[in-house]
Amino acid sequence: MKMQRIISVAALAVLTAIAAGLVWRAAIDSQSLAEATIVATPPHIDQSSDTLKQISDSLVIAKRDNKRVLLQFGSRGCSWCHLLHNLFEKDERIAAELKSDYVVVMVDVSDGNNKSVDDKYGTPRHNSLPFTVIMDADGNQLLTQNIAFADQDALSHGTARVAPDKVLDVLKKWAPKKDDHDA
């Protein structure tokens with residue numbers, strides 16, 4: 001009986017060590033993802049500014065320049081938000097498309113921020129973040145969805161990455177037609 005108890009305690013100790021190792025590995029992987037994707041709050045999010053005014057100003061610019069307004073709802077602690085934001089800045093094709101056809105407003109919904117903006121645009125924070133709203137220059141919502149499509153190939157290799165071609169397809173689909181300006 002005493003030997004059985006010793007074996008049981010030893011087996012429990014081994015299982016505990018294995019579980020601790022798995023938890024530690026998951027924490028390291030999670031930390032690596034966080035370090036790789038959450039460099040800082042994206043620079044376009046000005047938490048002290050009036051986001052509704054930013055959107056209003058963006059609509060004026062969009063009308064003047066024949067562009068769409070893209071509201072990117074996100075959170076400081078959202079890894080996918082940072083992945084999408086990094087893609088917006090670092091993928092040359094996407095950055096060029098955004099510059100050419102969109103006025104981008106980053107909307108921080110961390111810790112209940114921008115509740116009035118969130119409510120006005122259909123509470124995207126209740127959906128999976130990041131969440132995108134694309135509007136025409138008159139403020140009509142054309143698209144309301146998460147466009148941070150996971151790159152399935154990267155996921156199958158244990159890496160979180162947004163599929164740039166899918167994001168670009170959405171941006172091109174909703175870009176204003178070049179003859180819209182004269183309409």
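Which residues of helix 3 are buried? I would like to start there, keeping in mind throughout that what we are looking at is a predicted model. The buried residues of helix 3 are Ser79, Cys81, His82, Leu83, Leu84, His85, Asn86, Leu87 and Phe88. That makes nine of the twelve residues in this helix, so helix 3 is largely enclosed by the rest of the structure.

As for its dimensions, helix 3 runs over residues 79-90, and the distance from its first C-alpha to its last is 16 Å, which is close to the 16 Å expected at 1.5 Å a residue.

Now let me turn to one of those buried residues, Cys81, which forms a disulfide with Cys78, the two sulfur atoms lying 2.4 Å apart in the model. When the whole structure is searched, one disulfide is found. The link between Cys78 and Cys81 is right-handed, with 85° about the S-S bond. Are the two cysteines buried or exposed? Cys78 has a relative accessibility of 12% and counts as buried, because the cut-off for that term is under 20%, and Cys81, at 9%, counts as buried for that reason too.

Finally, I would like to point out Arg68, which is placed in strand 1, residues 68-74. Arg68 is buried, with a relative accessible area of 14%, and a polar atom of the Arg68 side chain lies 2.8 Å from the backbone oxygen of Trp174.

Note on methods
Residues are numbered from 1 along each chain as its sequence is written. This is a predicted model: local features need pLDDT of at least 70, side-chain atom pairs count only at pLDDT 80 or more; totals for chains, interfaces and linings use all residues. Side-chain values use heavy atoms; hydrogens and water are left out. A disulfide is a pair of cysteine sulfur atoms within 2.5 Å. Buried means under 20% relative accessible area, exposed over 50%, partly exposed in between (1.4 Å probe, protein chains only). Helices (H or I, at least four residues) and strands (E, at least two) are DSSP runs, numbered from the N terminus. A polar contact is a pair of N or O atoms within 3.5 Å; within protein, one must be able to donate a hydrogen and the other to accept it, and residues adjacent in sequence count only if both atoms are side-chain atoms. The expected span of a helix is 1.5 Å times one less than its number of residues.
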